[in-house]
Each structure stands twice: as C-alpha cells, then as structure tokens.
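Please keep the model open while you go through these points. Each one picks out a place or a feature to look at.

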Amino acid sequence: MANRLSKSLKEAAILPASVAGGEEVDGSTGSGITTYPKRNAHWGDVLAPYIFIAPFLIFFVIMFVVPSIYSFGLSFFRYKGYGEGRFIGLDNYIAILSYHVFWTELGNTIFYWLAHLLPLMIGAFLLAILIRSKLIKGQAFFKPIIFLPNIITIVAAALVYQSLFSTRYGVINTLSGIQIPWLENDDLTKWVVVILLIWRNLGWWMVVYLAGLSSINPELEEAATVDGASAMQRLYYIIIPLMRNIFLLAFVIDAIGSFRLFVEPNVLTSRAGSSLGTPEVSPLLNLLIGNLNNGSFGQASAVGWILFVIVIIVAAIQFRIFRENGVEVNE
Amino acid sequence: MAIKSLPVPANKSDQRYRLELYLKRGAAYSVLGILTVLSLYPLVVMVLNSFKSNAEIDLNPSGLPQKITVENYVSILGGPANLLGNFWNSVLVSTISTILAVFLAALAAFAFAKYRFNGRNFIFAMLLATTMVPGEITIPPLYLLFAKIDWLNTYQVQIVPSIVSVFGLFMIRQYMLTIPNSLLEAARMDGANHWKIFWLIVLPISTPVLGAFTILHFLSIWNSYLWPLLMANKSDVTPLVVVLPTLTDSQTGFTPIWGSIMAGSVLSVLPIVVVFVFFQNKFMSSVVLGAVKE
C-alpha cells in the first residue's frame with residue numbers, strides 16, 4: 001500500500017477508540033505533572049504544554065489543514081496550475097461523475113476491497129486461533145514467517161508477482177499446466193491484485209487478532225469449557241463477541257486502506273514506460289493522479305473529496321453493521 | 001481451542017481420542033506448512049531471479065537458476081542503472097523523516113498526556129477527527145505549493161510532509177498516559193524543568209512505544225511510492241522503489257530488465273529483512289501497539 005496509505009491505515013487505528021469510549025479525551029483523568037495551570041502558576045508552566053505541541057501543530061496546519069481546505073476550494077474552480085482560476089461551481093464534480101472511467105475505477109476499487117476482505121479477515125482470524133491453540137508447537141517459528149510478507153517492500157512484491165503469474169513460464173501456470181493469461185486479461189489481473197493483497201496482509205491481521213485473543217480473560221473460556229461448551233460454541237459465543245471491537249477496527253482500517261489503494265494494481269500491471277495501469281484495472285486514486293498529471297488541479301481535488309465522502313459512507317455503514325450485531329449479541 | 005486442557009470424554013476410548021488429536025494436529029501443521037511455503041516463495045523467487053541472466057528469467061521465471069550470475073548486481077550497483085544512489089536516497093529520507101516524526105509526535109504526546117491546558121481536549125479531538133480524511137486530498141494543493149517554492153525533486157519535499165503523524169501522536173500518548181504522575185512530580189520536586197522531565201524521564205520510559213512507532217513509520221516511508229512518484233521523480237533524489245518498475249532496456253525503451261529489477265528488489269528488501277530477523281518481536285508488537293488499544 002502506498003506511503004500515505006499504509007500510514008493512514010495505521011492512523012485509522014485510533015478511530016474505534018475515539019468512537020467507542022474516548023475515555024480520556026474529555027480529561028476525566030486529567031492529571032498533569034502537577035495540576036497546571038495553577039492560579040499563581042509561573043508563566044513558564046502555563047506555556048510549556050503549548051510549546052510542546054507547537055511544532056507538531058504548526059507542521060500539521062501547514063501540511064494538512066491548509067491544503068485540505070484549499071483543496072476543497074480548488075474543487076470548485078478550473079485551474080491549470082498557472083494564471084487565474086475560474087469558478088465553475090459543481091462542474092468538476094459533474095464532470096467526474098459523468099465520466100465513465102470514474103465508475104470503472106470506483107467499481108475496481110470496490111472489487112479490490114470486497115474480494116479480499118472476507119478471505120483476509122476470516123483467514124487471519126482462524127490462523128490466529130490456530131497458531132494460539134495447543135494443537136501446535138512452534139508459534140515462534142510460524143508467526144514471523146507468516147508476518148514476513150508484510151515487511152516486503154510493496155513495489156518489490158508487486159514486481160515479483162509479475163514473475164509468478166507470467167503466462168508462459170510463471171510458476172502458477174507451470175504447476176497447473178494450463179496457460180492462463182493472468183496478467184493479460186483484466187478480470188484475472190484483478191484477482192492477482194487480490195491475491196497479492198491477501199498475501200501481504202494476512203500476517204499483519206493475524207498478529208492483531210492474536211493480540212486481541214490474548215486480551216480475553218482465559219477464565220471465561222475455561223468456565224465455558226467446564227460447562228460443556230464445545231470449541232465451536234466457545235468461539236461463537238465467547239471469543240467472537242469479545243473481539244467485536246477489534247473486528248470493527250480491522251474492517252474500518254482495511255476499508256479506508258482499500259479505497260486509497262494505489263501501488264499494488266499499478267505496479268503489478270505497469271507496462272514499461274507508464275507508472276499508471278490501464279483504467280480497466282485501476283483504482284480510484286488513478287483518476288486523481290491522472291487529473292493532476294493533466295494539470296487539472298480542480299478536478300483532481302474534486303476526486304479527492306469524492307473519495308473522502310465514499311470513505312465516510314463506508315465507515316459509517318460498517319459502524320452500523322457492527323453496532324447492530326452487537327445488540328444481537330448482548331441479548 | 002485448548003484441546004489439551006479438554007477432559008477426555010469418558011465414553012471415548014483413549015485410542016480414539018488420540019487418533020483424533022493426531023489428525024487434527026496433522027491438518028493444523030499442513031495448513032501452516034502450506035502457508036509457510038506461500039509466504040516465503042515470492043521472496044525466494046525474488047532472490048533466485050536476481051542471480052539469473054535476463055534471458056534465463058524469461059524462460060525460467062520461477063525455478064532454480066541453471067547458471068548463477070552476479071551480473072545483475074554488478075549492473076545495478078555500478079552499471080548504467082546505478083541504484084545505489086537511489087538506495088541511499090531511500091535510507092536518507094526514511095531515516096530523517098522517522099527521527100523528526102518520532103520527535104514531534106513524542107513532544108506533543110507528552111503535552112497531551114501529562115498536562116492540563118486550555119484547548120487540550122478540543123485540539124486533540126480535532127486531530128483525531130482529521131484521520132478520517134484521506135491524505136490524498138492534499139496532493140493537488142501541495143503539488144502547487146511545492147512547485148511554487150521550487151521544492152519538487154528535492155529531499156525536503158519527501159521528508160517535510162511526512163513528519164506529522166496523528167497516528168504516532170495518539171499511539172505515543174496512549175502509552176505516556178500510563179506513566180505514573182508521581183514519578184514526574186518527584187522529578188519536579190528535585191528541580192527538573194519541563195524539558196528535562198520530558199527528555200530524561202518520559203522519553204526513556206516510553207522507549208517501547210517509540211520503537212514501535214519508529215518501525216511503522218520507517219516502513220511506511222520506505223514503501224512510499226505515490227508521493228515521490230509525483231514529487232521527486234528525477235533520479236538523483238528519487239527513492240529506490242520509484243525507480244524499480246522503470247528499469248527498462250535503454251535500446252527498446254519498454255522491455256523491462258527483469259534481472260536488474262529483481263536485484264534492485266532484493267536491495268529494497270534486504271535491510272528490512274535483516275532488521276526483522278533480529279527484532280521480529282519488536283516488529284510484531286509494533287503492529288499491536290499501533291492497532292490494538294487495550
């Protein structure tokens with residue numbers, strides 16, 4: 001996943017926390033080094049925290065807040081990067097929404113997301129349960145190996161996948177004995193992207209789920225075992241409900257990351273000489289980059305804000321689904 | 001699935017129970033064995049192909065090399081495609097960005113975790129809210145900005161926008177909240193000023209979370225592709241990963257030179273994997289510190 005993409009994957013980690021509790025945000029714990037500011041506090045004591053947050057905030061405002069606002073404004077202008085911009089109202093948005101490539105790329109993005117979502121999440125969860133079970137030894141061996149793909153540079157991984165899935169001599173076709181045109185057929189290419197996404201992220205989510213599982217009080221499980229609950233029952237009635245917040249977190253982070261997907265499909269399908277894949281397999285972000293490369297800064301910004309709206313909608317849907325399921329579980 | 005701790009049901013013979021256990025165990029190890037192969041194989045292919053000639057890669061892209069050659073490494077390390085420079089660009093940008101990002105986040109996290117001040121909760125809530133906004137939104141204005149101040153194709157354009165991480169701030173703050181106030185008050189009594197308390201007490205205690213964030217941030221910058229592709233595509237400052245997919249035959253202009261690409265990929269992966277081998281638990285716990293808040 002792209003630089004900022006993976007960063008924000010992780011940035012998004014804070015979401016459920018802030019939504020599902022936000023315990024200290026309202027300062028109820030409120031403890032300071034001492035209780036600053038005191039009535040007769042020294043001015044240095046009052047200023048200290050502001051000085052500590054200032055460098056962060058200054059860069060944050062310059063590099064994120066101002067550009068975001070500017071980008072919102074820009075999305076209502078036609079601006080070529082020089083001269084005067086011209087206010088055109090919603091024309092950029094209308095142009096994008098009536099452009100067939102937008103819908104193709106949105107469809108691709110949704111496909112990349114939904115196609116990898118369940119295999120990845122269910123696989124990682126079952127794997128975490130398996131690796132934690134007393135059935136096997138060698139956790140210390142399997143865990144890092146399954147995690148390893150996650151630290152492989154994404155571009156390098158995508159390039160290697162070109163070798164693995166090459167039509168004539170790639171290992172997949174050699175083993176199967178059939179010449180499947182994996183990277184020459186758009187539909188198949190999309191599945192290769194999905195395989196790459198699952199391959200690279202399985203270990204990541206496995207480790208997350210492992211941490212979640214180990215935070216469950218073992219006495220709960222033991223008690224259920226004593227009461228005669230089978231492994232499946234314990235899984236369904238104890239483990240999964242208790243892991244609900246972690247699932248929510250995982251699904252939301254993964255969704256946000258998926259809508260910002262860029263590197264995997266583009267590098268995997270890169271035909272030499274172009275860093276962007278063909279629209280048939282490209283994710284939505286390509287439209288932003290394509291507009292930027294054409295010097296259509298207004299339209300590029302509009303794509304960004306459409307992306308934002310989609311991310312919000314998707315996250316909201318997931319919160320709702322998980323909340324509804326939560327109510328069921330509690331009953 | 002605590003199989004061993006399950007009491008053996010009385011109606012089952014010991015033998016049958018054992019057989020079942022062996023079967024389950026066999027299935028479990030098979031799954032893990034297959035996953036081990038699947039996880040490692042692409043990496044193995046990368047290394048193997050980097051030791052094959054270009055002609056051989058075309059005919060044998062996923063098997064053992066018939067004839068081992070180091071020509072790919074010679075070509076990327078000294079030849080026309082000198083990737084060593086790009087490698088150092090990646091190292092430089094990732095390292096400086098990480099140092100600054102950790103420092104800025106830790107500094108702010110300390111204030112948010114351990115001080116009361118007007119606007120604290122508001123500012124913190126606003127910072128959290130912005131994490132829903134995809135960072136790509138800022139690309140068009142930042143591109144215009146950096147073009148205007150002549151920062152395109154520089155190191156700073158790759159570093160400066162990446163040094164504020166709200167995620168890092170949050171992660172470090174969560175950790176710092178657990179530092180007992182009494183410790184800080186004691187230092188205060190002994191006459192330590194704000195900076196000394198931060199630098200000599202809070203930072204050393206926070207090493208685990210700082211390490212975790214260091215790993216996550218370094219990897220994300222090391223993997224950074226889209227940003228430098230747009231902002232720093234000129235080869236004397238371009239990072240390694242942006243150059244890799246563009247290695248094409250200078251004669252035809254569009255045939256990828258797979259040997260060099262694979263050798264370059266190894267170069268991009270090697271330092272991370274070496275560090276991972278020594279600090280694998282730190283890597284994996286960084287995921288946990290980053291993603292799971294307990």
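1. Start in chain B, in the loop between α6 and α7, where Asn153(B) lies. This is a predicted model. Phi of Asn153(B) is near 60°, a positive value in a residue that is not glycine. Most residues other than glycine have a negative phi. Is Asn153(B) buried, exposed or partly exposed? Count the other C-beta atoms within 10 Å of Asn153(B): there are 17, so Asn153(B) is partly exposed.

2. Asp150(B) sits in the loop between α6 (139-148) and α7 (156-159) of chain B. Its phi is near 65°, again a positive value in a residue other than glycine. Asp150(B) has 9 C-beta neighbours inside 10 Å. A residue is exposed if that count is 12 or fewer, so Asp150(B) counts as exposed. Check both residues of this loop by eye, Asp150(B) and Asn153(B).

3. Now take chain B as a whole. How many helices and strands does chain B have? There are 14 helices and zero strands. Read from the N terminus, the elements therefore run α-α-α-α-α-α-α-α-α-α-α-α-α-α. The radius of gyration of chain B is 25 Å. The globule rule gives 19 Å for 294 residues, and 25 Å is well over that, so chain B is more spread out than a compact globule. Its C-alpha atoms fill a box of roughly 80 × 70 × 35 Å, taken along the principal axes.

4. Chain B has 294 residues, and 46% of them are buried. Look also at the contacts in chain B with a separation of 6 or more: residues 24 or more positions apart account for 71% of them.

5. Helix α11 of chain B covers residues 207-222. It has 16 residues and reaches 22 Å from its first C-alpha to its last. That is close to the 22 Å expected at 1.5 Å a residue. Is α11(B) mostly covered or mostly open? It is mostly covered, with twelve of its 16 residues buried. Among them are Val209(B), Leu210(B), Phe213(B), His217(B) and Trp222(B).

6. Which residues touch the most other members of the largest nonpolar core? They are Ala105(B), Ala108(B) and Ile172(B), and this core has 167 residues.

7. Next, the contact between the chains. It takes 106 residues from chain A and 108 residues from chain B. On the side of chain A that touches chain B, helix α3 (residues 43-74) of chain A gives the largest share, 16 residues. What kinds of residue make up this side of chain A? They divide into 69 nonpolar, 27 polar and ten charged.

8. Chain A has 15 helices and two strands. Of its 331 residues, 44% are buried. Among its contacts with a separation of 6 or more, 69% join residues 24 or more positions apart.

9. Gly107(A) is in helix α5 (residues 100-132) of chain A. It has 11 other C-beta atoms within 10 Å and is exposed. Gly107(A) and Ser282(A) are 175 residues apart in sequence, and their C-alpha atoms are 9.4 Å apart in space. Now try Glu222(A), in helix α10 (residues 218-226) of chain A. With 13 C-beta neighbours inside 10 Å, Glu222(A) counts as partly exposed.

10. Last, confidence. The mean pLDDT of chain A is 84, and 85% of its residues reach 70 or more.

Terms used. Residues are numbered from 1 along each chain as its sequence is written. Chains are lettered from A and ligands numbered from 1 in the order in which they are written. This is a predicted model: local features need pLDDT of at least 70, side-chain atom pairs count only at pLDDT 80 or more; totals for chains, interfaces and linings use all residues. Two residues are in contact if their C-beta atoms, placed from the backbone, lie within 7 Å. Helices (H or I, at least four residues) and strands (E, at least two) are DSSP runs, numbered from the N terminus. Ala, Val, Leu, Ile, Met, Phe, Trp, Tyr, Cys and Pro count as nonpolar, Asp, Glu, Lys and Arg as charged, and the others, Gly among them, as polar. A nonpolar core is a set of buried Ala, Val, Leu, Ile, Met, Phe, Trp, Tyr and Cys residues joined through C-beta atoms within 7 Å. A residue is buried if 20 or more other C-beta atoms lie within 10 Å of its own, exposed if 12 or fewer, and partly exposed in between; C-beta atoms are placed from the backbone. pLDDT is the predictor's confidence in each residue, from 0 to 100. The radius of gyration is taken over C-alpha atoms; the globule rule is 2.2 Å times the number of residues to the power 0.38. The expected span of a helix is 1.5 Å times one less than its number of residues.
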